[in-house]
Amino acid sequence: MRSSQLAQTIANEIALLVTSGELAVGDHLKTQQLADRFGVSRSPVREAMDMLATQGLLEQKENRGFFVKEVTDSIAERVREDAEPFEVANDYQRLAEDWLTDRIPAEVTEQMLRERYDLTKSQVNDVLMRASREGWAERKQGYGWRFLPVAKTPEAFEQIYRFRMLIEPAAMLEPEFRLDRKIIEEQRRIQLRMLESDIERLPAERLLHNGALFHEELIKMSNNPFFHLSLVRVNRMRRLLEYRSRVDRSRTVRQCREHLEILDLLERGEVVEASYAMRRHLGGALSKKSPVTWSWSHQAHEKELLEK
């Protein structure tokens with residue numbers, strides 16, 4: 001991918017972090033942290049921040065770096081128009097669906113993908129870098145790429161949620177659980193920003209990311225790293241199936257409100273009640289999402305039969 005193309009993609013990603021509330025006004029953007037997050041070098045990140053400063057989304061302060069500015073309605077609207085949500089990222093979606101339906105092997109080369117999808121070298125790199133950021137692809141040592149295990153069936157999806165219903169409430173009852181005010185305040189800000197902004201217009205990718213982030217940040221307060229590592233892994237495994245099943249945006253509003261209720265309970269020191277609330281919250285999510293995944297599975301099976 002040419003540097004300018006990669007920088008534009010990263011600029012879109014950073015802009016979505018700002019408009020979704022994950023980055024707040026005044027936040028200092030650290031080049032290395034963003035480079036690590038997107039799996040790129042610092043050069044395209046700096047170029048992306050230069051772009052966003054020109055657009056008025058960031059402010060560059062001499063000898064201090066880039067900071068988030070107040071987002072006006074016009075800037076937010078332009079960001080939404082420029083961003084590339086999952087639903088319209090055709091090349092990425094084709095690759096993801098083929099991996100979900102076992103139409104491609106776990107180990108591939110860029111040349112193989114170029115021929116299969118009729119893509120240029122830069123387009124394949126763009127798709128693979130995005131898959132890497134989403135946590136389901138990684139570059140092999142030396143040559144080629146490897147796709148990582150993901151939930152590909154409704155049964156696996158339900159098993160992940162039942163696993164989460166065990167570990168997330170239990171994490172709050174760990175002996176070393178400690179309330180982190182910084183995490184609470186940050187997650188409250190993100191959830192409120194989502195409710196106050198137009199959830200119908202935010203990309204599905206950002207809605208799902210913010211939802212997963214809420215749970216991953218809260219489980220950190222258990223001070224048991226195995227809880228956090230387990231949740232991060234299963235969240236990555238379910239992400240593609242959730243994308244494919246589409247996001248229920250009306251359900252997202254309810255999820256945000258339930259997240260805020262859990263935060264309220266924790267702030268009041270009602271940890272046991274928060275644990276129960278978390279289990280109810282996850283159980284409700286499973287009851288809503290499971291029929292959707294079964295519907296997708298049925299449609300995918302019918303499509304496969306027609307193609308034979």
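Asp-102 is exposed, with a relative accessible area of 55%, in what is a predicted model. This residue sits in the loop that links helix H5 (90-100) to strand E4 (107-108). Its backbone is worth a look too: phi of Asp-102 is positive, about 60 degrees, even though the residue is not a glycine. As a rule, most residues other than glycine have a negative phi.

Asn-223 is another non-glycine residue with a positive phi, in this case near 60 degrees. It belongs to the loop between helix H10 (204-220) and helix H11 (225-245). With a relative accessible area of 48%, Asn-223 counts as partly exposed, because the exposed class starts only over 50%.

Next comes the sheet. Three strands make up an open, antiparallel sheet, ordered E1-E3-E2. Strands E1 (28-29) and E2 (58-61) are the edge strands; each has a single partner strand, so one side of each has no neighbour in the sheet. E1 is held to strand E3 (residues 65-68) by two bridges, with the two strands running antiparallel. Across this pairing, His-28 faces Phe-67 in E3. Helix H3 (residues 42-55) packs on the sheet and touches E1, E2 and E3, while its direction makes about 110 degrees with that of E2.

As for the helices, Glu-13 lies in helix H1 (residues 3-19). Leaving aside residues up to four places away in sequence, Glu-13 is in contact with Phe-38, Arg-133, Glu-205 and Arg-206.

Methods:
Residues numbered from 1 in each chain as written. Predicted model: local features only at pLDDT ≥ 70, side-chain atom pairs only at ≥ 80, totals over all residues. Heavy atoms only, no water. Helix = DSSP H or I, 4+ residues; strand = E, 2+ residues; numbered from the N terminus. Contact = heavy atoms within 4.5 Å. Pairing = 2+ DSSP bridges. Axes fitted to C-alpha atoms, helices over the stretch in contact; angles between N-to-C directions. Buried < 20%, exposed > 50% of the residue type's maximum accessible area, 1.4 Å probe, protein only.
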